[in-house]
Amino acid sequence: MMIVLSGTIGAGKSSLATILSKHLGTEAFYEQVDNNPVLPLFYADPKKYAFLLQIYFLNKRFESIKQAMVDDNNVLDRSIYEDSLFFHMNADMGRATPQEVKVYDELLDNMMQELPFAAAKKAPDLLVHIDISYDTMIKRIEKRGRDYEQPEQDPSLVEYYHNLLGRYDGWYDDYDYSPKMKIDGDKYDFVENPDDLQKVLDQIDAELAKHRITANN
Ligand SMILES: Nc1ncnc2c1ncn2[C@@H]1O[C@H](COP(=O)(O)OP(=O)(O)OP(=O)(O)O)[C@@H](O)[C@H]1O
Ligand SMILES: Nc1nc(=O)c2ncn([C@H]3C[C@H](O)[C@@H](CO)O3)c2[nH]1
């Protein structure tokens, strides 16, 4: 099985990836964040670094997907489809040129076409989307405390985060690469409340059973 988590910044993907992989006896694959040398550069100067950051994420994401496909049973803490959402939003904000968008889209398309040669399937078995409100997003970003993500330090991030959340709504509705489900990340504190965690795991188990998704399939 391959389960992919989606959601905005601070939604709880990494946290749930750890918990869920333990619950299912699978391996978790994490997004490259704290050891990503381009991310702080991007937040300091988005216009200069948006394209480079995107190529960085694309490369790392592809590496994870290929590894995840070889190992077969795993949970990924963000989908490759969301990278494109980020980049197109940044491009619409004037941080990437139409030429950069064209190169990125064609490269992504080309790389996705290669995936079937690396493994039997290229879409995940299930997408688990963690849905949170703007207020929760800000609380979680503050709780985690990465300097460059704090709106207090850079007020332009308020608009950036609102835009991002808005895009995610339409993105989830349109997503059709695999079965999908939503977790209410405002309602369930699956990090600190064991009862909430159990409810979230029950919801995911029920969805896996509904689609007959089991380890090694
Ligand atoms: N459901 C939750 N209840 C309470 N705290 C949470 C919840 N989900 C995440 N958190 C906390 O919010 C912060 C961000 O969570 P996490 O790093 O898992 O998010 P993420 O979706 O992986 O973020 P990013 O996309 O930026 O990597 C962490 O401090 C985590 O402990
Ligand atoms: N510009 C841009 N494009 C992406 O594809 C992308 N994927 C993640 N991120 C940023 C969001 C969090 O700060 C941090 C962790 O998710 O990395 C991205 N930023």
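This is a predicted model: local features need pLDDT of at least 70, side-chain atom pairs count only at pLDDT 80 or more; totals for chains, interfaces and linings use all residues.
Helices here are DSSP runs of H or I with at least four residues, strands are DSSP runs of E with at least two, and both are numbered from the N terminus. Residues are numbered from 1 along each chain as its sequence is written, chains are lettered from A and ligands numbered from 1 in the order in which they are written, and side-chain values use heavy atoms, with hydrogens and water left out.

Let's start with the annotated residues. An unreviewed UniProt entry has a "binding site" annotation covering E31, Y43, Q54, R78, D83 and E149. E31, Y43, Q54, R78, D83 and E149 also belong to the lining of the largest pocket. A pocket is found on a 1 Å grid over the protein atoms alone, as an open set of points where a 1.4 Å probe fits, with protein on both sides within 12 Å along at least five of seven lines; lining residues have an atom within 4 Å of a point. UniProt positions follow the numbering used here, feature names are shortened, and annotations may be inferred rather than shown by experiment.

Now look at what sits around ligand 2. It is surrounded by 16 residues, and the closest are E31, Y43, Q54, R78 and E149; a residue counts as near if one of its heavy atoms lies within 4 Å of the molecule. Some polar side-chain atoms pair up with ligand oxygens: one from E31 lies 2.6 Å from an oxygen atom of ligand 2, and one from Y43 lies 2.5 Å from an oxygen atom of ligand 2. For R78, an N or O atom in the side chain is 2.8 Å from an oxygen atom of the ligand.

E31 is worth a stop of its own. You'll find E31 in the loop between β2 (27-29) and α2 (39-44). E31 counts as buried because its relative accessible area is 17%, and buried means under 20% (1.4 Å probe, protein chains only). Its side chain makes a polar contact of 2.8 Å with the side chain of R61. A polar contact is a pair of N or O atoms within 3.5 Å; within protein, one must be able to donate a hydrogen and the other to accept it, and residues adjacent in sequence count only if both atoms are side-chain atoms.

R61 turns up again at D83, where a 2.6 Å polar contact joins the two side chains. D83 is buried too, at 3% relative accessibility. Leaving out residues up to four places away in sequence, D83 touches Q54, F57, R61, R78 and Y104, with contact meaning heavy atoms within 4.5 Å.

Next comes D77, which carries the "active site" annotation in the unreviewed UniProt entry. D77 lies in the loop between β3 (74-76) and α4 and is buried, with a relative accessible area of 3%. Beyond its neighbours within four places in sequence, its contacts include K13, S14 and E31.

Finally, turn to strand β4, residues 126-131, where 5 of the 6 residues are buried. β4 pairs in the parallel sense with β1 (residues 2-6) over 4 bridges; strands pair if DSSP finds at least two bridges between them. β4 also runs parallel to β5 (residues 180-184), joined by 5 bridges. H129 lies in β4, and a 2.7 Å polar contact links its side chain to that of S6.

Methods: Buried means under 20% relative accessible area, exposed over 50%, partly exposed in between (1.4 Å probe, protein chains only).
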